[in-house]
Amino acid sequence: MMLPISACIITLNEEDNIERCLSSLDFVNEIIVLDSGSKDKTESIAKKKGAKVVLRKFDDYVSQKNHVISLAENPWILTLDADEELSPGLKEEIKSLFKNGEPEEDGFIIPRLTMYMGKWIRHGGWYPNYRARLFLKSKGKFVGGKVHEAVELSGKRKKLKHPVFHYSYENLFDHVSFINRYSELAATEKFGKGKRSGLFLALLEAGYKSFWMYFVRLGFLDGRRGLILAIMGFYYNFLKYTKVFEMSLAEKNKKNDN
């Protein structure tokens with residue numbers, strides 16, 4: 001039985017991921033892919049898997065994800081990223097929720113388990129990483145800034161046991177490229193909200209982040225990968241606050257020129 005759920009996904013050049021993602025959604029009666037101009041085979045793969053593909057120029061993650069939700073025809077929304085898939089256990093857990101009709105809850109919080117360098121990461125703040133994923137369309141919407149968007153859910157909610165599988169970065173080069181992009185977005189957002197930074201603060205924030213990941217959240221239990229992730233956490237935060245510092249300098253120089 002196909003469930004009254006609309007799976008909602010946004011994409012841009014996701015030909016390496018989208019088929020795996022959509023294959024895990026064979027029990028929902030609507031899949032919507034909102035694409036922002038892919039140049040690869042994302043659109044053709046999505047259509048082949050039975051998804052409805054809609055094109056929309058990307059502005060930001062929050063509005064993009066809220067727009068794809070607005071297109072849904074079902075009362076229930078299941079939101080995924082293209083580099084994710086439902087684990088087999090999660091599929092069965094969701095099906096069981098609808099076994100006797102629609103569930104009484106308004107939404108469900110689901111853990112996410114991430115693959116990094118060929119291993120599932122269970123520490124360092126990366127797991128369980130609960131997020132609202134399955135919810136009534138009338139009860140949830142995405143909120144946030146340029147980065148770290150999340151579903152704001154009203155009403156009764158429940159945590160599910162089984163995870164979404166997340167296939168994060170293809171390699172270290174991909175991870176570093178991601179850090180560069182997201183640190184730019186995060187720095188621009190912070191600067192726009194009045195945040196200013198210096199090099200000492202950048203080092204302090206970066207050091208705290210890596211310490212928190214590796215020791216407080218037990219990242220060392222993930223072995224060498226845990227150490228790499230803690231270093232990447234340092235790099236991301238140092239880059240983010242250094243970019244705020246750079247923006248602050250540019251602002252100061254502009255004022256002095258005037």
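Where is the place of Leu221? Leu221 sits in the loop between α6 (199-216) and α7 (223-257).

## About the model

This is a predicted model, in which local features need pLDDT of at least 70, side-chain atom pairs count only at pLDDT 80 or more, and totals for chains, interfaces and linings use all residues. Residues are numbered from 1 along each chain as its sequence is written, and side-chain values use heavy atoms, with hydrogens and water left out.

Helices (H or I, at least four residues) and strands (E, at least two) are DSSP runs, numbered from the N terminus.

## A nonpolar surface patch

Leu221 is partly exposed, at 47% relative accessible area; the class lies between buried (under 20%) and exposed (over 50%), using a 1.4 Å probe and protein chains only. Together with Phe211, Phe215, Val216, Leu218 and Phe220, Leu221 forms a nonpolar patch on the surface, with about 560 Å² of accessible area. Such a patch joins nonpolar side chains (Val, Leu, Ile, Met, Phe, Trp, Tyr) within 5 Å, from residues with over 30% relative accessible area and no salt bridge; a salt bridge is a side-chain nitrogen of Lys or Arg within 4 Å of a carboxyl oxygen of Asp or Glu. Areas come from the Shrake-Rupley method with a 1.4 Å probe, and for residues only the protein chains shown count as cover.

## Helix α3

In α3 (residues 61-70), the buried residues are Val62, Gln64, Lys65, Val68 and Ile69. Their packing partners are β1 (3-11), β2 (28-35), β4 (76-79), β9 (131-136) and β10 (140-143), with contact meaning heavy atoms within 4.5 Å.

Key:
Patches are made of residues with over 30% relative accessible area and no salt bridge: like charges are joined within 9 Å, nonpolar side chains (Val, Leu, Ile, Met, Phe, Trp, Tyr) within 5 Å.
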